[in-house]
Amino acid sequence: MRAGRSGFAVVLAGTLALGAFTAPTAQAASTGVKVSNLVLNKGKPIIVGTSAEVFPTFKYRLSWPSGLKQTDVNATLYLYHGTTAAKGVDNGRPIFMNFSSCNETGPAAADCEGELYIDPRYTLDADNDATTWKSALWVRIWDAKGKLKSQEYLPLSVTVRVKRAAKVTVDASPEPVAKGGRLTVTGKITRADWAKHKYTGFGGKSAKLQFRKAGTSTYRTVKTVKANTAGALKTTVTASADGYWRWTFGETTTTGGATAAADYVDVK
């Protein structure tokens, strides 16, 4: 923690944050610290793939009992899906804070903001991690000599969904195609498998086949097709005009949505 005239900042470097939760044992008691107005990832689900690190944002208002200074209070936000805030750390694999900065707005309050840190190769190791995550604050109170007086794992009411990233491809053939001829449109839906660290077929998911006529800006849905068990999509349509074809689908409770890069077909 480093102090400044208007606030303080805390940095936990990625996976090294795990070590931050092994502080010396101190009295387990309510610290009197309170959190309000917490917003996680701008109120949206957190979508995570198989390799890229993700840095969801957060902001909240922090207040502490009178008699304490801001430098006496250290607060670390984290996400968990265990039974309690403490067990979510001890028995789980929480999502840690990467960076936080707090600016005092009064004698015992501050507005805080920062980032969480997710490395899917470490933080998420099973597909059942695609669920609702709870939030908590690890609070530590220090005395004037730098000794840890008390700490608590403070559960918060705000939750966020963590979802598996998804992809979809498209291919329309033959190209070119005669006007009035049959056009076959294929594709494949895949989603992040956090145990295998690769994208695998999303079987049984329905996707919309959409078309945008050349020279226009709006897609229209032609039909809806359900993928087979391997995630493959296939259908046939009548070619009537030059234009762009794509597959698209929305989010589920566990998986993000995706839209394919359009495939242009010339109709002769």
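Mentor: Gladly! A search of the whole structure finds 1 disulfide. This is a predicted model, where local features need pLDDT of at least 70 and side-chain atom pairs pLDDT 80 or more, while totals for chains, interfaces and linings use all residues. Residues are numbered from 1 along each chain as its sequence is written, and side-chain values use heavy atoms, without hydrogens and water.

Trainee: What makes cysteine 102 and cysteine 112 a disulfide?

Mentor: Their sulfur atoms are 2.0 Å apart, and a disulfide is a pair of cysteine sulfur atoms within 2.5 Å, so the pair qualifies. The link is right-handed, with 115 degrees about the S-S bond.

Trainee: Why is proline 176 called partly exposed?

Mentor: Its relative accessibility is 44%. Buried means under 20% relative accessible area, exposed over 50%, and partly exposed in between (1.4 Å probe, protein chains only), so proline 176 counts as partly exposed.

Trainee: How do you know that arginine 191 has no salt bridge?

Mentor: A salt bridge needs a side-chain nitrogen of Lys or Arg within 4 Å of a carboxyl oxygen of Asp or Glu. For arginine 191, which is buried, the nearest side chain of opposite charge (Lys and Arg count as positive, Asp and Glu as negative; His and the chain ends are not counted) is aspartate 127, 6.7 Å away, so there is no salt bridge.

Trainee: Which residues does proline 176 contact, leaving aside its neighbours within four places in sequence?

Mentor: Asp266 and Lys268, where contact means heavy atoms within 4.5 Å.
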